[in-house]
Amino acid sequence: MFDLTVAPEAERKQLTQVIPDRLRQLQREANARSTAEWNRITNREQWEAFVKPKLAALRESLGAFPEPKRPAVRYTSTFDGDGFSIDNVLYESRPGFWVSANLYRPRLPSPSMPALMIIHAHHTPKEHGELQDMGMTWARAGCLVLVPDMLGHGERRQHPFIDAKSFPGPFRVSRQDYYFRYDNAIRLQSVGESLMGWMVWDIWRGFDVLLQQKGCDPKRLILLGSVAGGGDPCAVAAALDDRIAAAVPFNFGGPQPESRYPLPDDAETSFNYMGGGSWESTRNLARSGKDGFLPWVIVGSLASRKLIYAHEFNWDRERDPVWKRLQKIAGFFNNADGLAYSYGRGSVRGSSPDDTHCTHIGPVQRKSIHEAFRKWFGIEATEYRNRVPASTLTCWTERARKELQPRSLAESLKDLAAKQKAEWEDRLERKTADRSKNRDRIRKEWTQILGSVAPSDVRVRDLGHAEVNGVRIEKQILMHEETIPIPVVILRPVGVANPPVVLAIAQAGKSRLVSARASDYARLLANGVAICLPDVRGTGETSTGSGRGRTSAATSYASSFLMHGEPQIAGQLRDLRAVIAWLRKSKSVNGQKLILWGGSLAERNDPRAPVIVPHDSDELPKLAEPMGGLLAMMASFFGESLTGVIVSGMVYEWSSITQPSMSCVPYDSLIPGIVRAGDLDALRNYRGLDRVLVDLVTAQNQRDDRHPDSIMVGNKPVSQILEKLK
């Protein structure tokens with residue numbers, strides 16, 4: 001076995017920090033740009049000129065919204081309480097896509113009533129006790145209060161694990177709605193949509209429902225977002241909807257529960273305004289760093305209205321730089337009285353009574369909210385608590401299901417994916433004989449979803465060579481884009497001058513590739529073919545770790561790259577294209593006779609095994625590794641003139657990710673909007689050269705033999721290579 005490690009021992013740890021270091025650099029730059037822009041703002045006109053394009057970019061990043069229309073509403077039952085009633089409501093947000101919600105009403109309605117909507121946290125859905133307390137309290141105070149289930153939660157969950165009997169193994173029933181946000185987000189992103197965008201649309205349609213109620217005051221619409229995952233959509237929905245008079249977004253825009261307390265004295269310059277990526281996409285908004293709609297900007301856009309800047313635990317008001325900005329913005333509008341705050345005590349890490357943990361919005365945090373609402377809207381509220389069983393707040397009945405036939409997210413996205421494919425085909429000028437015109441159009445679309453795909457020049461660092469059993473092993477590090485090292489090994493048969501070359505790439509990295517394909521590579525070398533093995537960023541020697549699932553560092557890094565405006569795989573594509581350009585000029589091999597082999601070493605899932613299990617189960621399905629095949633297809637599509645391309649282990653149709661299952665495609669291989677841009681049909685049909693597709697997989701990482709260009713592995717890839725290189 002060859003030793004394929006390229007970096008000297010003293011540098012190996014540094015190579016594993018390539019992606020984290022790059023993201024830290026991008027984060028610093030985004031924060032610095034935002035602060036520099038802020039420091040130039042001295043009046044209302046300058047603020048409005050700054051924030052308007054930021055909000056436009058935010059809206060565009062969320063996906064394509066439907067045309068708004070008056071939503072259909074069905075009331076399925078009513079509960080009468082002491083001074084209030086609760087209607088169990090269904091409203092149609094999108095065609096066939098219904099939102100379940102509880103509408104709390106005053107027993108004695110008035111001709112003009114404030115209307116509140118409360119967005120629950122990711123912990124529990126609409127029937128939780130704290131939500132009931134708030135709904136009853138404000139309804140008794142003369143308000144209309146709507147508490148909807150967010151997409152994926154409660155009666156709108158998109159998984160089957162509703163109780164302990166739903167799965168034979170142990171799992172946390174109460175956390176599955178939260179965990180499956182990950183899968184819902186990936187499915188939405190694949191068609192160019194976002195979980196945040198769909199939540200925001202549901203919220204806006206919820207206000208339409210409130211405005212349909214007799215006595216609803218359109219000038220007193222209030223939106224509250226709970227402490228964990230509710231404040232995010234609250235802030236975004238309010239920022240983009242001028243109908244909303246007041247917003248209370250908890251834990252969004254400034255210091256988080258995990259932030260250092262107290263803040264440092266230099267918080268104005270050291271604070272991370274942008275935040276960082278994780279698997280929960282509503283907190284990590286795509287393109288926010290690149291286009292400048294950082295959380296503080298979103299919340300700052302609300303300071304011209306009524307805003308409660310809200311924190312679950314201790315809050316360092318004196319040092320919080322975002323609070324200072326909010327005060328200044330409110331001053332631009334002579335609106336100091338329209339800015340308030342709410343905060344609790346202690347820390348998210350504490351467990352004593354002094355640590356004011358809450359599931360949504362607790363009584364400690366509500367105290368100052370009541371004071372602000374009394375001052376702003378004349379709402380005289382006295383806390384009330386008389387909780388009812390969760391079953392009392394269930395909206396769906398058998399009759400309603402039969403008559404309304406609600407659609408799941410998977411059904412809606414399946415239709416959306418089909419529509420996008422049809423629209424993509426209509427955009428092509430199929431009647432023209434000039435296929436290059438269509439190819440140029442598709443390349444433009446893919447560049448829009450990928451970002452830059454052009455490689456930069458590389459600097460080569462030669463780390464020597466050795467000869468083992470008739471094979472010359474050459475090692476280099478190519479420095480790409482100034483700070484990105486690409487470790488490369490070339491294996492070539494001794495005594496063969498200027499041999500043709502196979503460039504092999506996979507997520508597993510070069511060392512594991514050689515170990516797994518030793519016999520294939522030995523056969524190629526024996527037939528006078530060289531093999532080039534690069535580790536593009538995030539693979540092999542530059543890998544950040546072995547895990548690539550929901551909670552992995554790899555997923556967080558990939559999410560962070562989306563915040564900076566590009567999927568991680570775009571950078572890997574530039575790396576691969578840089579290696580190809582370097583090989584073209586090589587004196588060691590014949591880079592004009594080059595075959596690209598993008599593959600996978602991932603084990604497939606058994607088609608008889610379940611495609612959906614609880615996220616904390618010990619029986620999670622295996623992840624696919626489509627990166628190698630996808631990079632190979634994209635490299636050839638974007639103009640590399642290659643002798644041949646072989647692809648294996650690639651997801652054949654990314655639209656299949658919309659099916660009702662767990663996502664077995666790693667987040668770092670995701671290309672948001674790939675279906676809208678023609679899916680892989682765009683690359684297959686307009687690549688301009690023949691290829692062999694080998695051992696394809698579905699988005700569930702199961703073998704996909706439905707297509708005529710899918711063949712068994714065996715010796716066929718090597719045979720095809722040797723045939724093409726004759």
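# Close-up views of a predicted model

**View 1. Arg 287 is partly exposed, with a relative accessibility of 28%.** Partly exposed lies between two cut-offs: buried means under 20% relative accessible area, and exposed means over 50% (1.4 Å probe, protein chains only). This is a predicted model, in which local features need pLDDT of at least 70, side-chain atom pairs count only at pLDDT 80 or more, and totals for chains, interfaces and linings use all residues. Residues are numbered from 1 along each chain as its sequence is written, and side-chain values use heavy atoms, with hydrogens and water left out. Look for Arg 287 in the loop between H9 and helix H10 (288-291). Helices (H or I, at least four residues) and strands (E, at least two) are DSSP runs, numbered from the N terminus. The phi of Arg 287 is positive, about 75 degrees, although this residue is not a glycine. Most residues other than glycine have a negative phi.

**View 2. Asn 469 also has a positive phi, near 50 degrees, and is not a glycine.** Find Asn 469 in the loop between strand S10 (458-468) and strand S11 (471-480). Is Asn 469 buried or exposed? Asn 469 has a relative accessible area of 77%, so it is exposed.

**View 3. Tyr 261 and Pro 262 are joined by a cis peptide bond.** Omega is about -5 degrees here. Most peptide bonds are trans. Pro 262 sits in the loop between strand S7 (246-249) and helix H9 (267-270).

**View 4. Helix H20 (residues 568-584) crosses helix H21 (residues 627-637) at roughly 60 degrees.** The axes come within 10 Å. Axes are lines fitted to C-alpha atoms, for helices over the stretch in contact; angles run from 0 to 180 degrees between N-to-C directions. H20 and H21 are therefore oblique to each other. The rule: under 35 degrees is roughly parallel, over 145 roughly antiparallel, 65 to 115 roughly perpendicular, and the rest oblique. On the H20 side, Ile 569, Gln 572, Leu 573, Leu 576 and Ile 580 make the contact (heavy atoms within 4.5 Å). Their partners in H21 include Met 627, Leu 630 and Met 634. This contact of H20 with H21 has ten nonpolar, one polar and no charged residues. Nonpolar covers Ala, Val, Leu, Ile, Met, Phe, Trp, Tyr, Cys and Pro; charged covers Asp, Glu, Lys and Arg; the others, Gly among them, are polar.

**View 5. H20 and H21 are both mostly covered.** In H20, 15 of its 17 residues are buried. In H21, eleven of its eleven residues are buried, among them Gly 628, Ser 636 and Phe 637. H20 reaches 25 Å from its first C-alpha to its last, close to the expected 24 Å (1.5 Å times one less than the number of residues). Gly 639 follows H21 and has a positive phi near 110 degrees.

**View 6. Helix H4 (residues 129-140) packs with helix H13 (residues 363-377) at about 25 degrees.** Their axes lie 13 Å apart. H4 and H13 are therefore roughly parallel. Their crossing is right-handed. H4 contributes Glu 130, Asp 133, Met 134, Thr 137 and Trp 138 to the contact. H13 contributes Arg 366, Ile 369, His 370 and Phe 373. By class, the contact of H4 with H13 has four nonpolar, two polar and three charged residues.

Terms used:
Left-handed = near helix turned anticlockwise from the far one by under 90°.
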